Protein chains: 2
Amino acid sequence: MSQSFDIAVVGATGTVGETIVHILEERDFPVGELHLLASLESAGSSVPYRGKNVRVREVDAFDFTQVRMVFFAAGPAVTLSFADKARAAGCAVIDLSGALAQAQAPQVVPEANAQKLQGLPKPVQVSSPSPSATALAVVLAPLRGLLDIQRVNVTACLAVSAQGREAVSELARQTAELLNLRPLESTFFDRQMAFNLLAQVGKPDAQGHVPLEKRLVRELRDVLGMPGLKVSVTCVQAPVFFGDSFSVSVQLAGPVDLDAVNALLEAADSIELVEAGDYPTAVGDAVGQDVVYVGRVRHGVDDTSELNLWLTSDNVRKGAALNAVQVAELLIKDQL
Amino acid sequence: MSQSFDIAVVGATGTVGETIVHILEERDFPVGELHLLASLESAGSSVPYRGKNVRVREVDAFDFTQVRMVFFAAGPAVTLSFADKARAAGCAVIDLSGALAQAQAPQVVPEANAQKLQGLPKPVQVSSPSPSATALAVVLAPLRGLLDIQRVNVTACLAVSAQGREAVSELARQTAELLNLRPLESTFFDRQMAFNLLAQVGKPDAQGHVPLEKRLVRELRDVLGMPGLKVSVTCVQAPVFFGDSFSVSVQLAGPVDLDAVNALLEAADSIELVEAGDYPTAVGDAVGQDVVYVGRVRHGVDDTSELNLWLTSDNVRKGAALNAVQVAELLIKDQL
């Protein structure tokens, strides 16, 4: 197939946007013209692609009829401002911001529900879920046939990179301040992030839930195709730069055969199962990798109907940019 | 009551041992003679107490008939070596190492099961549970009457200080190495601890459980007096110096009234409930405090039979040293 596709990346100067550009090159995606777009403040900088620096232009002025496909890798407000324009211009849209309703743009993780891409109205609109939902779906999807899952309990320990470059700088700066016994400044986070855990990632509603937690529950149910799944979730900001970690406890209708679980995890392309007795870490294993790492596969201390897992995943790469590009790879096969 | 008690602290040079000495002074515990003991390597140093430096002597040479009560704040091997000797000398024993069997030395958290101290055979032997079990028991105990608890899911994010001074130094050193772009050395931890989470605290058994997780389940059931309680637990080593954090999801037989939960937590002396919408942190709230902090009290995202909580507790102080001293305070009232 020598066909190529003109593509735009909105939010190209952000961590996820840059990683999309990098992965398009790495996986030799058949890109014709690549248009990198951002808000007024970020426009003017450039991003390396195939040995050249590609200039980032202002999204407001962009004529979407120039491209076949758009990745939205900025915030929800940007997607809401420009997705209709892109769609009116006939572009396929892959949104990473969570701004589009499920009915309008289904959540897709290719390892879990690639079939959702079939028969979508044109131009196609697809959502790439939050990095947490993506990592969890990649690991739980191959187990669906084996397990009668009653409930999933998740504590997601999230890297600061999900909050952008300012959050990364603040963790580094606070850490240096503390090690050098200088007074601590918090400007991005609402309190000390270094050597600490923050139990609330975002602003809670009147019931105490933050948007990220509600989004994770909704997306996980959608992607796994299990609308009634009980999901208990707490998202925690960890003093980690890159890579999310998930403590997962799955409750099942009956005893689970761990050998069968291990065999399914072992067989899945997007999963790296570490050896029994070992465990993966965000920094040491997941960062920079295309797979979700799984370890500590075990029953409950005295409950064989409980399946415990520890997952680590590169939130920017596997959790966001790569998933969006995997969706794009499927779309160009038969939907564009 | 002007009676005073001659007391020994074994493991007096460790973080917990030193904190016991500090708390005995702070709470004006009626100490007669204070004997500080440690292994051969640590003997010879001294620990401040009531304006003096008290010399730490070798535990092997100690005549336990000199004291009425002994705190064992060293490792399980030390307790197993000397507890019988202390008991034979007629001393009450308070063990913090988890070495003694439940039948021999009941686990006690005064806020949860002070009644266990009544009618024990003399000389009394009591265990102070692991810091995690203590923090969880303090918070769950006042809720027992209100809630029909089916299962407790816990992800415990533990401070490195629980592993002793070497672990604290290694986290600081690794962090400085990374910030200064120097090569990273791991000697205490088996891999990078700085800016990372380690999902296995200790050596797992053939089933994948680490001793700390099994101990937590056992102790929590004992202290709450709920032998059949289902407890799902993962212990994680966090890059935090002091203060443990717990993501807790409690499943109940039916819908829970959050106002009633908040009222019970608010009324408990050893709990500080933060305002709705806020959350406590290990570093900013719990460290140095005598209470367990609770926040993020909420239902599941769409499940009112789920109660979620975020706890932070000073692992050395509230989780260990203070609990042991609180037990001692009750013992001297009517058991010694």
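Two strands count as paired if DSSP finds at least two bridges between them. Helices (H or I, at least four residues) and strands (E, at least two) are DSSP runs, numbered from the N terminus. This is a predicted model, in which local features need pLDDT of at least 70 and side-chain atom pairs count only at pLDDT 80 or more, while totals for chains, interfaces and linings use all residues; side-chain values use heavy atoms, with hydrogens and water left out. Residues are numbered from 1 along each chain as its sequence is written, and chains are lettered from A and ligands numbered from 1 in the order in which they are written.

**Chain relation**

- Chain B superposes on chain A by a rotation of 180° with 0.0 Å of shift along the axis, at RMSD 0.0 Å (least squares on the C-alpha atoms of residues with pLDDT of at least 70 in both copies).
- This is the relation of a two-fold axis.
- Both copies use the same surface, since 100% of the contact residues of chain B recur in chain A (contact means heavy atoms within 4.5 Å).

**Domains of chain A**

- Chain A is assigned domain 1 (5-129 + 320-334) and domain 2 (134-315), with bounds that come from an automatic or database domain assignment.
- The centres of the two domains of chain A, taken over C-alpha atoms, are 25 Å apart.
- Domain 1 of chain A gives 19 residues to the contact and domain 2 of chain A gives 15 residues.
- Helix H4 (residues 131-140) of chain A has nine of its 10 residues buried (under 20% relative accessible area, with exposed over 50% and partly exposed in between, for a 1.4 Å probe and protein chains only).
- Among the buried residues of H4(A) are Ser132(A), Leu136(A) and Leu140(A).

**Six-stranded sheet of chain A**

- The sheet is open, with strand order E9-E8-E10-E13-E12-E11 in chain A and mixed pairing.
- Strands E9 (230-237) and E11 (271-273) of chain A are at the edges with a single partner strand each, so one side of each has no neighbour in the sheet.
- From one strand to the next the twist averages 20° (axes are lines fitted to C-alpha atoms, for helices over the stretch in contact, and angles run from 0 to 180 degrees between N-to-C directions).
- Helix H7 (residues 258-267) of chain A packs on the sheet and touches E11, E12 and strand E13 (303-313) of chain A, and its direction makes about 175° with that of E12(A).
- E11(A) pairs with strand E12 (residues 292-300) of chain A over three bridges in the parallel sense, and Glu272(A) has Tyr293(A) in E12(A) as its bridge partner.
- E12(A) and E13(A) run antiparallel and are joined by six bridges; Arg298(A) is partnered with Asn308(A) in E13(A).
- The hairpin from E12(A) to E13(A) passes through two residues.
- Strand E10 (residues 244-252) of chain A runs antiparallel to E13(A), with eight bridges between them, and Val248(A) is opposite Leu309(A).
- In E13(A), 10 of the 11 residues are buried.

**Strand E6 of chain B**

- From strand E6 (residues 92-95) of chain B, Ala92(B) and Ile94(B) point one way and Val93(B) and Asp95(B) the other, and all are buried.
- Strand E5 (residues 69-72) of chain B runs parallel to E6(B) over four bridges, and Phe72(B) is opposite Asp95(B).
- Strand E7 (residues 125-127) of chain B is also parallel to E6(B), with three bridges, and Ser127(B) is opposite Asp95(B).
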